[in-house]
Amino acid sequence: MRELTERYVAAALRSIPEDQKSDIEAELRVSIDDAIEARVAGGGDARSAETEVLTELGDPDRLAAGYVGRPSYLIGPEHFFDYKRLLTVLLITVVPIVVTIVAVVQVVAGDSIASVLAQAFGSGLSLAVQIAFWTTLVFALIERGSERKTSEWTLSTLPLMPTAGTVRLGDTIGSVVFLVVAIAGLALSRTVSPVTGPDGSAISIFDPSVWDFWFPFFIVVLLIEIIFEVVKYWRGRWTWPLASLNVALNAVFAIPAVYLLTSGQIFNPVFFEEIGWGSEPAGDGTLVRVVVAAMIVIALWDIFDGFRKARKV
Amino acid sequence: MTYDDAQLESQLKELRRGSVLLACLLVLRNPGYGYGLLEKLEEVGVEVDANTLYPMLRRLEKLGLLTSEWDTEGARPRKYYATSQAGIALAGELMASWLEMTRTLERLNRGET
């Protein structure tokens, strides 16, 4: 009885399916015996011959994987790029959206900034870990499951030259971060302000009545814009439908915003009185005109830019 | 600038990869068993590790390129592999390609195009 051989064979058989076990065991055993015998016949001692033969056979798990044709990697080259693309898209989209929602909910619930930041950061981190784990698990299972090939790569999925209206990851991340900050800013403005009233409560720069409908509405529009950014990245380039949708999104945000601004419904007169500007800016003053002009210019530029890039493609 | 031994080793490994399969199919036109085949290949100068060869035999069997049979007559029972008709046909194709490649490389080596 060769103790090392016994242990080696047992280790190799561990991960071999039951129905192949006896066959592989018998074959492996006789191959090892043959090899040791040949060495002994050539003038070696039995013990060191055994050591040499088993060392040459190498890691029993690797050998077993070879026998049953199991991949010795988690995600192979066949699926790696699909895996990477999906993981990237999920991380840069789902995480910011959820973090924003968590932050907004917390702010609306009236939590302190420190608590809001801690919660948002914590949920973002755990979500990112969850996404990475489950995506990896699914791909590892696909790798082991199907013999089927992944979607055939064709020229039609080839990214365009980076200058011609393609959507770059950096731009997408930038836009998403901007939108998240905008949403957080709107949400935080309710409870955070440099100006406080006599009772110590914050006086928001925005009129409290905006929260009845319009600010929640704007936040929803901004969330949709995050999804829009993601879809655009997924698509890889500007298209005519995307550019048209971009018009709609801009209109849905800018038209009510301009109307509310010009009709004096957005800014809080109390805020401006407190900082000594009088109540004028909240109504039809310079501030409103500047903001309105900026919004219109930005919206028009954004619409124009979308069509320009769609045309280039 | 010269190559080091590790580079040579890894390039040789790449080169040999396909040849081992072909060598197996050719040698096993006469039935043989695992260790016997390993020795035979070593003898004729085809370098292959046991832990590559044994799994490969099973894989080729699964693909129908080899057939197998347990021989329980001898001192110890051995699994004998033999190249199937499909394996012989494939070996013929591969051999032709191999020779073609060799001729091409020789032409390139002589500087012809």
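I count two residues as in contact if their C-beta atoms, placed from the backbone, lie within 7 Å. I keep in mind that this is a predicted model.

**Entry 1: where the chains meet**

I looked up the contact between the two chains. I found 14 residues of chain A in contact with 13 residues of chain B. Next I asked which elements of chain A give two or more residues to the side that touches chain B. They are α2 (18–41), α3 (46–57) and α4 (60–68) of chain A. α2(A) gives the most, with seven residues. I then sorted this side of chain A by class: six residues are nonpolar, four are polar and four are charged.

**Entry 2: the layout of chain B**

I turned to chain B and listed its elements. It has four helices and three strands. From the N terminus on, they run α-β-α-α-β-β-α. Of the 113 residues in chain B, 19% are buried. I also checked contacts in chain B between residues at least 6 apart in sequence; 45% of these join residues at least 24 apart.

**Entry 3: the sheet of chain B**

In what order do the three strands of chain B stand? I read the order as β1-β3-β2, in an open sheet with antiparallel pairing. β1 (32–33) and β2 (66–71) of chain B stand at the edges with a single partner strand each, so one side of each has no neighbour in the sheet. I followed β1(B) to its partner, β3 (residues 78–83) of chain B: two bridges join these antiparallel strands. Here B:Gly32 stands opposite B:Tyr81 in β3(B).

**Entry 4: helix α1 of chain B**

I followed helix α1 (residues 5–27) of chain B and noted a kink of about 35°, centred on B:Arg16. Which residues of α1(B) are buried? I found B:Ala23, B:Cys24 and B:Leu25. Their cover includes α2 (34–44), α3 (50–62), β3 and α4 (85–110) of chain B.

**Entry 5: two helices of chain A**

I went back to chain A for a helix pair. The axes of α5 (residues 77–108) and α7 (residues 169–188) of chain A come within 9 Å and cross at roughly 5°. Angles under 35 degrees count as roughly parallel, so I call α5(A) roughly parallel to α7(A). I looked at who meets whom. The residues of α5(A) include A:Ile92, A:Pro96 and A:Val99, and those of α7(A) include A:Thr172, A:Ile173 and A:Val176. By class, the contact of α5(A) with α7(A) has 13 nonpolar, two polar and no charged residues.

Notes: Residues numbered from 1 in each chain as written. Chains lettered and ligands numbered in written order. Predicted model: local features only at pLDDT ≥ 70, side-chain atom pairs only at ≥ 80, totals over all residues. Pairing = 2+ DSSP bridges. Bend = angle between axes of the 7 residues up to and from the residue. Buried ≥ 20, exposed ≤ 12 C-beta atoms within 10 Å, placed from the backbone. Nonpolar A, V, L, I, M, F, W, Y, C, P; charged D, E, K, R; others polar. Axes fitted to C-alpha atoms, helices over the stretch in contact; angles between N-to-C directions. Parallel < 35°, antiparallel > 145°, perpendicular 65-115°, else oblique.
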